[in-house]
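Visitor: Could you take me through the aromatic side of this structure? I'd like a close look at one part, and then whatever connects to it.

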Amino acid sequence: MGQYRQPGMERLGLLRGNGSDVAIGIRTPGRSRRSGRSQVRISTTSALLVVLVSLVLLLTLLAYFYLSLTSPSSSGEDAQEDDSDFLTNVTRTQTSKVLGFGKGSVTHGRDSRYWDTDDRRRDEDYNEDTPVEVNKEEASLKSNHEYLEKGHDADDEYDDGLDSQQTQMDEYDDTNSALPHTGINYENVSSKVPTHNSRNLDQVDTNSRHPSKRKAKRRSCEMKFLNSTAQLIEPLESRKFARFSLQYTEIEDKPEGQEQWKPRFAGHQNLQERESSFLARDQKINCGFVKGQKGSPSTGFDLAEDDTNYISRCHIAVISCIFGNSDRLRTPYGKTVSRFSRKNVCFVMFIDKVTLRTLSSEGQTLDRMGFIGLWKIVVVKNLPYADMRRVGKIPKLLLHRLFPSARYSIWLDNKLRLQLDPLLILEYFLWRKGHEYAISNHYDRHCVWEEVAQNKKLNKYNHTIIDEQFAFYKDDGLTRFNALDPNKLLPSNVLEGSFIIRAHTPMSNLFSCLWFNEVERFTPRDQLSFAYTYQKLRRMNPEKPFRRNMFKDCERRAIAKLFRHRSEEKSSTRQRATE
């Protein structure tokens, strides 16, 4: 019976027996078993393919809905146009509006960059990943509503109350009827920040390689920005702003009998001229860019003609600077800057030749129009001071002189990167409540006495010059900050001046000139002169309003990312190498 055995029986491992057993048990039933297995395999494979395709479709739909919910809202134009060509749309043409209310030294010791580094990291106890501790006295005052005025909401926490004597029809509040000139539909303002369509900007870029264990305690701010720039309309010039005409000293004549006299960028202002310059009236004052008589050498801060023509046409400007190769070039966070802002806002970075060479060596080269990313690079020649920190105060404080046709400007230090559309910033800090000048208070200190002590403790500048400046201010009426004083002119006498938003109004321009003159006369530590300059201006002009907005430091942190200076990067690298 051996002829009935199948050749494959042994390979399949079937039990061996006599021929009849094999013939009966294997031949016909064996074929049936193979056919059944094939059918099962085909059915299983088909089922798996169906399930897999279904899962892919489901995941695709979920991803689409997730991206639709989380993507920032934009105008119809932004949704239809491709962002790949946005650099071709950066402001390069003249604007249609021009201001209608006016026209647009000697170094103290060595460069102050060698005294310290210029930001919050100068302080020994500062760490970017460590949350800002709330001052106990400030927290207590806030809980007791010491900073709040009757009838105002929490968004007006830093209102100084000096304008409360104005008539009710001039008051601003959060209703549509109180904002007749803005053209903004405030129904589109998000009521709560932690929603999908609103911007909880205090969470932007807060992730770090080394997250702080105490990060949950970071003080946050509820910031109610508009969701889009699509419906923004620039407000008309407010009738509440002080009106007067400012002119600036352009040429200074050489005094007779002074052979050693040399023209200076800030001019030669005596104390009598300084005192009268604080009056908010029609006048001509020193405000930088002073030149000597014809044939005299340049006083500095020279710009190319093409650059001068470009910035003279800007209507809204975002400005920063890098002098002495102190920082890296940081482009504003592109996804948050709308196409409309790219076309209508000038982003200008002032640098010197040293910084330009460094940028080129790092592969950041100018295009044929003089841009690197969003930044229009303006190279400054013949710097007026050897102190790079003092040079940096020129674009920081004299923006209205550099941009004679600009109506609004935003200044950010080179250690910051902008993370919000500039038009939304203007609307939030200026237009919504009718302010003309906005700057943040210091994250920790509030009294000039504390700031002076900290400057000397950390050797931020020459101690003798700091003492001279401080004594001068005390003799002229500067007093200690008292948070409980109902007549205080500022919610804090110490600022964090790395981010400034301003309308180029007569009062704002005058304050900027006065502040620069103090920085030029004494130390470049602008924290020491801010409160004195502001308070003296207000005391000498009680009838002239200056609608300033001193906002919280957590708001500044939410819209601008802080980075290290180059020198700090090197120091940090050396420190890690030695560990």
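Guide: Happy to! Let's begin with one aromatic cluster, formed by Phe265, Phe289, Phe301, Phe323, Phe350, Tyr385, Phe403 and Phe516. Do keep in mind that this is a predicted model.

Within that cluster, pick out Phe289. Phe289 sits in the loop between strand 2 (283-285) and helix 7 (305-311). With a relative accessible area of 14%, Phe289 is buried, because that value falls under the 20% cut-off. The backbone of Phe289 deserves a glance too: its phi is near 60 degrees, a positive value in a residue other than glycine. Asparagine 325 is also no glycine, and has a positive phi of about 55 degrees. Its place is the loop between strand 3 (316-322) and helix 8 (339-344).

Now for aromatic pairs, of which the count comes to 27. One of them joins Phe429 and Phe551: the ring centres are 4.4 Å apart and the planes meet at 45 degrees, so the pair is tilted. Phe429 belongs to helix 12 and Phe551 to strand 11 (residues 548-551), so this pair ties together parts that are 122 residues apart in sequence. Both Phe429 and Phe551 are buried.

Lysine 376 lies over the face of tyrosine 310, at 5.5 Å from the ring centre. Likewise, the charged end of lysine 536 sits over the ring of phenylalanine 278, 5.3 Å from its centre.

Notes. Residues are numbered from 1 along each chain as its sequence is written. This is a predicted model: local features need pLDDT of at least 70, side-chain atom pairs count only at pLDDT 80 or more; totals for chains, interfaces and linings use all residues. Side-chain values use heavy atoms; hydrogens and water are left out. Helices (H or I, at least four residues) and strands (E, at least two) are DSSP runs, numbered from the N terminus. Buried means under 20% relative accessible area, exposed over 50%, partly exposed in between (1.4 Å probe, protein chains only). Rings of Phe, Tyr and Trp (its six-membered ring) pair if their centres lie within 6.5 Å; planes under 30 degrees apart count as stacked, over 60 as edge-to-face and the rest as tilted. A charge sits over a ring if NZ of Lys or CZ of Arg is within 6 Å of the ring centre and within 35 degrees of the ring normal.
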